[in-house]
Amino acid sequence: MSTLPEPRGPLSTAVNATLTGSEPVPPPAVVRGHDPFGGDLALALHTCYELHYRGFDEVSPRWEWDPGLLALRAELERSFLDALRAEITPSDDVTGVLDELLVETVPGSGVSHHLRDDGEWWQMQEYFAHRSIYHLKEADPHAWVIPRLQGQAKAALVAVEFDEFGGGRGDRVHAQLFADLLQGADLSPEYLHYLDVVPAPQIALVNLMSLFGLHRELRGSLVGHFAAAEITTAPSAQRLATALERMGAAPACVHFFTEHVEADAVHEQVMRRDVIGDLLAREPQLATDVVFGVQATEFLEGKLAEHLLGSWRDGRTSLLHPLEAPRLAASR
C-alpha cells in the first residue's frame, strides 16, 4: 500500500478528506465544470480507483464499495468518458484501425524516437517515473475483463496475461521487471512513489484502463485498448532498448524492454486473431467499442507525448517537480 497523494484541487482534496474521515462524501454535482483531462479530476478518479488495487495505508478497505463514494466516482467517470467520446469519431472498422497502428511514419517523431536519437539520461529517468504509475501494476487492469469473455477469447487473453505475470515465476512478472528497471536507473521501485510528481496525461491513461476494466459494458473497449498496447509496444520497446544501450544504462533497464520486444510481437497476433476475432464472432455489436478502446488509447498517448516532447524540447522537466539528484547512466 501507499499514502494518499497530495491533492491538486478541490476534487482531489474532497476525495482525500472523505477517505480520511474528516469530511463527508461530496455530492456528485461538485464534478461539474472541472477539466475532464486536468490534474485535479484525474487524480481524484485515480484515488477512487486505487481502492480496487492495493489501497492506501490510512484508508479503511471498506471505502472500496461505499455507495456515496461510488456515486461520486461515477460522475468523475462520466465527465472523463464524455470528454473522450467528444474527441473521437465513432467507427466499427476494427481491421482498419488496427492496421493503422502497424504503420510507422518515417522519420518517426514520437517519444521513443526522441529518446533513441537525442534523449538524455535525465529525460529517460523522467519517462520511467511517468510509466511507473502503470508498469508497477502492469496487466492488473486487464485481468478484470477475463470473467466477461467466453471461449477462445477468454483462453487467449489469459495466455497473454500469463506471460505478463511472469509465466508462473514471481521474478519474471513484468511489474517486478519494471521495479528492477527503476532500481537500475537509480529511482525508487516503490509502488506509486512518483504519483505526486506525474502530471495528468499519464494518470489519465491508467484511469482509462481501470475505467474499461471495471465496467462490463466497456469490455470491448478494454480488449481494444489491450490490443493497441500490444501492437505498439514491440517497436517502441526496441527503440528504447537501443536508447538505453547508447546511454550505458544498467542491464535491468535494457532487459525490461527487450523482454517486451519478444513477448509483444507474439501477443499482437494473439490479441488480433484469437481475442478480438472470437469476441466479435460472438458479439459483433462490440466492434464500435473495440475501435473506441484503440482510439481513446491513441488519443491519450498523443496527449502524453505532446507534453513530454514539449517539455524536453524547451529544456524543462516534464514532471511537476524535478527528480532528486539524478545520476548519469554512464557513471555506474
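Is Cys48 buried or exposed? Cys48 counts as buried, at 2% relative accessibility, where buried means under 20% relative accessible area, exposed over 50% and partly exposed in between (1.4 Å probe, protein chains only). This is a predicted model, in which local features need pLDDT of at least 70 and side-chain atom pairs count only at pLDDT 80 or more, while totals for chains, interfaces and linings use all residues. Residues are numbered from 1 along each chain as its sequence is written, and side-chain values use heavy atoms, with hydrogens and water left out.

**Cysteines**
- Cys253 is buried too, with a relative accessible area of 0%.
- The count of disulfides comes to zero, taking a disulfide as a pair of cysteine sulfur atoms within 2.5 Å.

**Helix α10**
- Helix α10 covers residues 200-214, 15 residues in total, and spans 21 Å from first C-alpha to last, close to the 21 Å expected at 1.5 Å a residue; the expected span is 1.5 Å times one less than the number of residues.
- Helices here are DSSP runs (H or I, at least four residues), numbered from the N terminus.
- Because 15 of its 15 residues are buried, α10 is largely enclosed by the rest of the structure.

**The largest pocket**
- The largest pocket has a volume of about 1,200 Å³.
- A pocket is an open set of points on a 1 Å grid over the protein atoms alone, where a 1.4 Å probe fits, with protein on both sides within 12 Å along at least five of seven lines; lining residues have an atom within 4 Å of a point.
- Of the 50 lining residues, Arg131, Thr232, Ser236, Glu298 and Glu301 are the closest to the centre of the largest pocket.
- Elements giving two or more residues to this lining include α10, α12 (251-282) and α13 (287-313), and α11 gives the most, with 13 residues.

**Aromatic pairs**
- The whole structure holds ten aromatic pairs, meaning rings of Phe, Tyr and Trp (its six-membered ring) with centres within 6.5 Å; planes under 30 degrees apart count as stacked, over 60 as edge-to-face and the rest as tilted.
- Phe128 and Phe257 are stacked, because their ring centres are 6.2 Å apart and their planes lie at 20°.
- This pair joins helix α6 (Phe128) to helix α12 (Phe257), 129 residues apart in the chain.
- Phe128 is buried at 0% relative accessibility, and Phe257 is buried at 6%.
- Phe178 and Phe256 pair edge-to-face, 5.0 Å centre to centre with 75° between the planes.
- One aromatic cluster takes in Trp121, Tyr127, Phe128, Phe178, Phe256 and Phe257.

Key. Grid points are joined across faces, edges and corners, and a volume is the space filled by probe spheres set on the points.
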